[in-house]
Structure formats: structure tokens, C-alpha cells
Amino acid sequence: MNEVIKALKERRSIRKFKPELPSRADLEQIIDAGLYAASGMGKQSDIVIAVTDKTLRDKISDDNRKILGADEGFDPFYGAPAILLVLADKSVATHIYDGSLMLGNLMNAAHSLGLGSIWIHRCREEFEQEDYSRMLADLGIEGDYEGIGHLAVGYVDGDAPAPAPRRDGRVYWCE
């Protein structure tokens, strides 16, 4: 089987990570793969914010937990030490699709490097808060961005889950 197709079929969402931070080189490779995702009309409306600072990572996790309505102490990022925040420029009609495709590339790139990942939602709600608008300004990011998703990344703690059976009746041919 083709290596790319094999990787696409084997990648799984991971819900238990080791605390060790992946190397910056690996994170840079993952991000670079994300930057090559397809985008509507080639506008590349999406951006990535790589969070490896534990204090900031924990703040984002707690804010995400509160939005989720989960109990205190729950980590929506499952212990992953790195979070890649994907945002996209709201002025571009395809911004949600662009960011979603970037997240797909990021997940597959992480898997190809032997790292686990999981796409976590509620990024939009976070970036509607003042703290996160200030974060963008502090980073020198101008414009009107919408949070598309977080990618929690790290070393898998344990075995990756088995794939769920694929549902029948999802393919139609017009021949």
C-alpha cells in the first residue's frame, strides 16, 4: 500500500500523552506541512500559533475546559505538552475550510513523525475573549481572525486506539 495512504488510514486521535515536549524541529516540520494545506483560491487565510510554554498551555486548557463546562481538573488536551492553535482570516469566504484543511495536514504530519495528536474545538469561543485578542496583538497579528481549532501534539502514552469500523453506505458512484 502507498505510504501516504497507509499513514492516512493508521492515524488516530490520541487521548493520553506523555509530558515530554516534542522537539522544536519536529514541531516545525508539522507546522510546515500545515502551511502547505490547500486553501480557497490559494489565499492561505490560516495561521498557526505554536504554544509550548507550559504556563500558557495550562491557561488555554483551563479556559477551554470552562467553555466546555467540564469539571475542574479536566484537561481537554489530554496532557499534550504542545498546542498548535489554528486561526483564519474571517474576511476570506473559505476561512473555515482553509483552517480545517490545515488541521488535517497537521494531524497527518504529526503521525508521520511518530507523534500523536487530537483536534480540539472551542478555539472560536476562546478567541472571542479579550485575553486572546490581546494575545494576537502581543504577537503582532493584525486583522479579524476566527479560531478554527487546536491541535494537541505530543508523544503517545500507551497504544493508539484501534480504528472504528467504517460505516457502509457512504460512497456513491455516478458512472
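Colleague: What makes you say that Leu 85 is in contact with other residues?

Modeller: Contact means heavy atoms within 4.5 Å. Once neighbours within four places in sequence are set aside, Leu 85 meets that with Ile 47, Val 48, Ile 49, Val 51, Ile 60, Cys 123, Phe 127, Met 135, Gly 149 and His 150. Bear in mind that this is a predicted model, where local features need pLDDT of at least 70, side-chain atom pairs count only at pLDDT 80 or more, and totals for chains, interfaces and linings use all residues. Residues are numbered from 1 along each chain as its sequence is written, and side-chain values use heavy atoms, with hydrogens and water left out.

Colleague: Which residues touch the most other members of the largest nonpolar core, and what makes a set of residues a nonpolar core?

Modeller: Such a core is a set of buried Ala, Val, Leu, Ile, Met, Phe, Trp, Tyr and Cys residues joined through side-chain atoms within 4.5 Å. Buried means under 20% relative accessible area, exposed over 50%, and partly exposed in between, using a 1.4 Å probe and protein chains only. The largest one has 19 residues, and Ile 49, Ile 60, Leu 85, Leu 87, Phe 127 and Met 135 touch the most other members. A second, separate core of 18 residues includes Ile 30, Met 102, Leu 103 and Val 153.

Colleague: Why do you say that the buried residues of helix 6 line one face?

Modeller: Helices here are DSSP runs of H or I with at least four residues, strands are E runs with at least two, and both are numbered from the N terminus. In helix 6 the buried residues are Tyr 132, Met 135 and Leu 136. They fall within an arc of 95° seen down the axis, so they line one face; that arc is taken over directions from the helix axis to the C-beta atoms. Facing away from the buried side are the exposed Glu 130, Ala 137 and Asp 138.

Colleague: How do you know the angle at which helix 3 and helix 6 pack?

Modeller: Axes are lines fitted to C-alpha atoms, for helices over the stretch in contact, and angles run from 0 to 180 degrees between N-to-C directions. On that scale helix 3 and helix 6 pack at about 145°, with axes 12 Å apart. Leu 56, Lys 59, Ile 60 and Asp 63 of helix 3 make the contact with Asp 131, Tyr 132 and Met 135 of helix 6.
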